[in-house]
Amino acid sequence: MLYLHDVWVNWFESEENGYQVARYHEWRKEDKIELLDQTPLLYIKRDLFEYIENDLQEIPESLLDTIYKRSYNRKGQNRKAIDYACVLTNGVEILAFDTIGYTIPVRKSRLIPRQEQLVYDMIKSAKPQNYGFKKRNYKKEYHILSMPPEQIFGLTRREREIKHILMIALDQLKNSGNQEELRYWLTEWDPKLYPTVKFLNADAVWERLYSGIKEGFNKNHEEFCEKIVRGQPFLEKLWDLEKEHAQDTSKS
């Protein structure tokens, strides 16, 4: 078995999609970076890699058995075994995960560039394994809180975070079933629709609002997000964190 040592990880917890696991150049100074003293490196086939990277489903049992208590983290002089953690690669992409004792990839991280290059060097003579994974039994599903990659492609970490906050707010708006509120927010997003919005039913209003917001990201998304989260403490807190980060970045 291949092993990596002194691996720096920046865990993103309960992130279903790989695009939410920030690459090294997007790591922030407030992120909590951890050190894996030792961890297995598995070279796996593309379908299995995408399954683990882009979902929170059960990891094949044979893979879990292979890595059981073979990873260690270190705090000071203490070295502690981790139940199920490792670094995966499909020969192109690289991902670390830790199940924190479960059988799904609860925490995910990218690696620093130097260690990514080491991974590529280590697998040159290896062959990818599949660990019994059968793609025909699995189909990835996307939805408003798990956006398809094409709606995220090209966005920065901050833009991805704001868009995710926005989608949470939109999901809550849709589930409220309040037609007047839907109409209000559609005209906030697209003021040109004000004369006609009163003639649209709730489904039509929702479709226009969602179809307008789901694509890309620009200043309108940011301004709309700031408005729609007002009065919602949890979402306001998430928004404030991203706003603070933008201010810190502008000063540096």
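The model is predicted. Its chain has 252 residues, and 45% of them are buried. Buried here means under 20% relative accessible area. Nine helices and eight strands make up the list of elements in the chain. Along the principal axes, the C-alpha atoms fill a box of roughly 65 × 50 × 30 Å. Contacts across the sequence come next. Take the contacts in the chain with a separation of 6 or more: 70% of them join residues 24 or more positions apart.

Now turn to a pair of helices. Two packed helices are described by the angle between their axes and by the distance between those axes. Helix H5 covers residues 179-189, and helix H8 covers residues 219-228. The two pack at an angle of about 145 degrees. Their axes are 10 Å apart. The crossing of H5 and H8 is right-handed.

Which residues meet in this pair? From H5 come Trp185, Glu188 and Trp189. From H8 come Asn220, His221, Phe224, Lys227 and Ile228. By class, the residues of the contact of H5 with H8 are four nonpolar, two polar and two charged.

The largest pocket has a volume of about 640 Å³. Its lining holds 21 residues. Closest to the centre of this pocket are Arg28, Asp31, Arg157, Glu161 and Leu241. Which of the elements gives the largest share? That is H9, with seven residues. The lining of the largest pocket divides into 11 charged, seven nonpolar and three polar residues.

The second largest pocket has a volume of about 400 Å³. Its lining is made of 18 residues. Nearest the centre of the second largest pocket lie Gly18, Tyr19, Arg23, Ile152 and Arg160. What is the make-up of the lining of the second largest pocket? Eight residues are nonpolar, four are polar and six are charged.

H5 and H8 pack with a right-handed crossing. H9 gives seven residues to the lining of the largest pocket. The second largest pocket has its own lining, with Gly18 and Tyr19 among the residues nearest its centre.

How values were computed: Residues are numbered from 1 along each chain as its sequence is written. This is a predicted model: local features need pLDDT of at least 70, side-chain atom pairs count only at pLDDT 80 or more; totals for chains, interfaces and linings use all residues. Side-chain values use heavy atoms; hydrogens and water are left out. On a 1 Å grid over the protein atoms alone, a cavity is a set of points where a 1.4 Å probe fits but cannot get out, and a pocket is an open set with protein on both sides within 12 Å along at least five of seven lines; lining residues have an atom within 4 Å of a point. Grid points are joined across faces, edges and corners, and a volume is the space filled by probe spheres set on the points. Helices (H or I, at least four residues) and strands (E, at least two) are DSSP runs, numbered from the N terminus. Ala, Val, Leu, Ile, Met, Phe, Trp, Tyr, Cys and Pro count as nonpolar, Asp, Glu, Lys and Arg as charged, and the others, Gly among them, as polar. Axes are lines fitted to C-alpha atoms, for helices over the stretch in contact, and angles run from 0 to 180 degrees between N-to-C directions. A crossing is left-handed if the near helix is turned anticlockwise from the far one by less than a right angle, and right-handed if clockwise. Contact means heavy atoms within 4.5 Å. Buried means under 20% relative accessible area, exposed over 50%, partly exposed in between (1.4 Å probe, protein chains only).
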